[in-house]
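This briefing summarises a single protein chain for computational work. Please view the sequence and coordinates below before reading the points that follow.

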Amino acid sequence: MTTTTSTTTTTTLPPPIAAAPLPEAADPRLDPVRWDPSPDPAGRRRRARLLALVALFGLVAYFSWLLRPSRVGNPVLFTVLVIVELFNAAQAIGFWWTCLGRRTRRRPRDAVTISNVTVDVFIPTYNEPVDVVEPTVAAAARLTGAQVRVVVLDDGNRDEMAALARRHGVGYLRRTVHSGAKAGNINHALGRTDGMFVLVLDCDHVPAPEFLERTLPEFVDPTVAYVQTPQYYANGTAPDGAVAGQLPAAAWHQQALFFGPIANGKDAHRAMFCCGTNVVFRRSALDDAGGFPEASVTEDFELSIGMHERGWTSAYVPEVLASGLGPEDAASYVSQQNRWARGCVGALGRVLRSRLRLTLKLQYLLSASYFLTGWTVLVYLSLPVIRILTGAQPVAGAAADSFLAAFAPYFALSLAVVATIGGGRYTFGAYTLAAATFWIHVHASCAALAGRKGRFVVTPKQGATGRQIRPVWPTLAVLGVLLVVAVYGLTKGTDAATLNNVAFAMVHITILGHGIAPALLPTFTAAEAPSAALEQEAA
C-alpha cells in the first residue's frame with residue numbers, strides 16, 4: 001500500500017474513555033434530518049417507466065425530423081448541433097437506465113452482525129475552523145456497533161486541532177510532508193493504524209451514533225470493498241435555506257437527485273462509486289488497491305474504478321447517517337464543482353482503458369461524461385448569437401413552429417421523467433445553478449486536454465455574506481453578450497427568424513440570471529468569512 005512516511009511527525013492520543021459532551025451551538029447539522037433517500041415507491045417507478053417509454057418515442061420522432069437531409073443549414077453548425085443532441089440523448093437514456101433499469105438491490109437484514117470488528121474512523125482536516133470540526137469529532141467518539149478508534153488527520157499541523165482531539169479523547173496524527181493532499185493524508189494514516197475497517201468522514205459531516213450499525217452488515221458479503229452513504233447538506237434543507245434560488249438550497253437539490261434515485265439505481269447495478277466521505281472501507285480491499293491514488297483531485301472516483309477492476313463490489317445504504325455542510329456561496333460552489341469536473345473529465349481515459357465489465361464501464365462513463373454537459377449549454381447559448389450576427393443557422397427550411405412541434409414534446413417529456421424520478425428533489429434553482437456554471441465544465445475539459453494537473457482545494461465550510469462578482473464573471477460576460485446581441489437583432493429587423501432567436505436569447509438570459517442571482521443578491525445567512533480568500537480558492 002502506498003503511504004507517505006518520510007520525515008513524518010506522528011502524535012497519537014489514547015482512545016476515549018468517556019466522550020466529552022457535544023458542543024452547544026446553533027448548528028444545522030445537529031437538527032433533525034429533513035430528507036429520505038430511500039428508493040421510490042413502486043407506483044412512482046411504474047409511472048416514471050411509462051413516461052420514459054413515451055419520452056423515448058418523442059426522442060425518436062425528434063431525431064427523425066432533425067436528421068432529414070433537407071434540414072441541413074450551415075454544415076458545420078448542423079454537425080455540432082447533431083453531436084450535442086446525441087450527447088444529451090445518451091445522457092437522458094443513461095439516466096433512465098440507471099434509475100429505472102433494475103429493481104432495488106436486496107440489502108442484508110439489520111439483525112446481521114459481524115463479531116469482533118475494529119473500525120478506524122479517519123477525520124481529515126486542513127484549514128477548516130475548529131467549530132466546524134468539533135461536532136464531527138464529538139459525534140464520531142460516540143459511534144456504536146464496533147470497537148472504534150477515532151483519529152483526527154491534521155494536515156494543517158495546528159495546535160488547536162491537537163487540543164480538540166485531546167479534549168474529546170481521540171487519536172491525532174499530523175505529518176511534515178504534505179504530499180498527495182487528502183489522499184496522501186489518508187494513506188499516511190493507513191500505515192499507522194490496523195482496524196479491520198476504515199470509516200472516512202469529511203470534517204464537516206457529523207455522523208449519527210448508529211452509522212456503523214447500519215453499514216457494517218453489508219460487509220457480510222466478502223466481495224464488498226466499501227459501503228457508501230448519502231452526503232446530506234443540512235444547511236441546504238433548513239427552513240431558512242430552502243427558498244428556491246438560494247445557493248445552499250440549489251446545491252443541495254443537485255445532491256439530492258444524485259444521492260436519491262441515481263445512487264439507488266447505481267447500487268441496483270452494483271456500480272456505486274465512492275464519494276469521498278461517509279464511506280466505510282474494508283481494509284484488505286484498500287491494501288489490495290494500493291491505497292488512495294494521490295495523483296488525482298477526485299481520488300475517490302479513481303479508487304472506485306481500481307477496486308471494481310480487481311473484482312471487488314460496492315454497496316449503497318440509502319439512509320442519512322451523517323449531516324454535513326454544502327457550499328454556502330458562489331466561490332465555494334465554483335471551487336467544489338471545478339475540482340469534481342477536473343477530476344472526472346481527467347478520468348475519462350482511465351475509464352475507457354479500464355478492465356471493467358460493460359455495465360460498470362458504462363456507468364462510470366455516464367458519471368464522468370456528465371461534466372462535459374457544459375459544452376452543450378455553450379452551443380445552445382451560441383446559436384442565437386451566431387444567427388443574429390451572421391445569418392448562419394444549423395437547421396434550414398424549418399419555421400419556429402415546425403421546430404417546436406418536433407422538439408417540444410421530447411423536451412417536455414424528458415423534464416417530466418426527471419420530475420417524476422426526482423419526486424420534487426430537483427428544483428428550478430438547482431437546474432439554473434448548473435446551467436449558469438456551464439463554463440466550469442468547459443474550463444475543466446480544456447485543462448484536461450492541455451495536460452494541466454488539478455490542485456486539490458478544500459471547499460470552504462463557511463460562506464461570505466457580500467456580493468461575489470469574480471466567481472460568476474464568465475456568466476456575467478455571457479449575459480452581456482446575449483443582451484447586446486438581442487438588442488442589436490431587434491434594431492436590425494423584426495422578421496420571424498430574428499424574433500425567434502431573440503426569444504431564445506431572452507430565455508437563456510432568464511435562466512443564467514436566475515442561476516447567478518444568489519451571488520449578486522445573497523439572501524442566505526452565513527458566518528462571516530473573507531470574501532477575497534474564498535475567491536482566491538475558487539480561482
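In helix α1, the buried residues are Arg-45, Ala-48, Ala-52, Ala-55, Gly-58, Leu-59, Tyr-62, Phe-63, Trp-65 and Leu-66. The model is predicted, and the chain has an average pLDDT of 86. Its secondary structure amounts to 19 helices and 10 strands.

**Helix α1**

- Helix α1 covers residues 42-66, a total of 25 residues.
- From the first C-alpha to the last, helix α1 reaches 36 Å, which is close to the 36 Å expected at 1.5 Å a residue.

**The sheet**

- An open sheet is formed by seven strands, arranged in the order β3-β2-β1-β4-β8-β6-β9, with mixed pairing.
- Its edge strands, β3 (171-174) and β9 (313-316), each pair on one side only.
- On average, neighbouring strands of this sheet are turned by 25 degrees against each other, direction ignored.
- Strands of a sheet pair through backbone hydrogen bonds, in either a parallel or an antiparallel sense.
- The pairing of β2 with β3 is parallel and runs over four bridges.
- Val-151 has Gly-171 of β3 as its bridge partner.

- Leu-153 lies in strand β2, which spans residues 147-154.
- Leu-153 counts as buried because its relative accessibility is 0%, and the cut-off for buried is under 20%.
- Beyond its neighbours within four places in sequence, Leu-153 is in contact with Phe-122, Ile-123, Pro-124, Thr-125, Leu-173, Asn-185, Ile-186 and Ala-189.
- The C-alpha atoms of Leu-153 and Gly-171 are 8.7 Å apart in space, and the two residues are 18 residues apart in sequence.

**The chain as a whole**

- Of the 539 residues in the protein chain, 55% are buried.
- Among contacts in the chain with a separation of 6 or more, 85% join residues 24 or more positions apart.
- The accessible surface of the chain is about 22300 Å², and carbon and sulfur atoms account for 61% of this surface.

**Confidence**

- A pLDDT of at least 70 is reached by 86% of the residues.
- Among the elements of the chain, strand β8 (residues 279-282) has the highest mean pLDDT, 98, while helix α19 (residues 531-538) has the lowest, 39.
- Over residues 1-10 the pLDDT stays under 50, and the model has 33 contacts beyond four places in sequence for this stretch.
- Residues 240-245 also stay under 50 in pLDDT, with 11 contacts beyond four places in sequence.
- Where pLDDT is low, the predicted coordinates should not be read in detail.

How values were computed. Residues numbered from 1 in each chain as written. Predicted model: local features only at pLDDT ≥ 70, side-chain atom pairs only at ≥ 80, totals over all residues. Heavy atoms only, no water. Helix = DSSP H or I, 4+ residues; strand = E, 2+ residues; numbered from the N terminus. Buried < 20%, exposed > 50% of the residue type's maximum accessible area, 1.4 Å probe, protein only. Contact = heavy atoms within 4.5 Å. Pairing = 2+ DSSP bridges. Axes fitted to C-alpha atoms, helices over the stretch in contact; angles between N-to-C directions. Expected span 1.5 Å × (residues − 1). pLDDT = per-residue confidence, 0-100. Areas by Shrake-Rupley, 256 points an atom, 1.4 Å probe, with all protein chains shown as cover.
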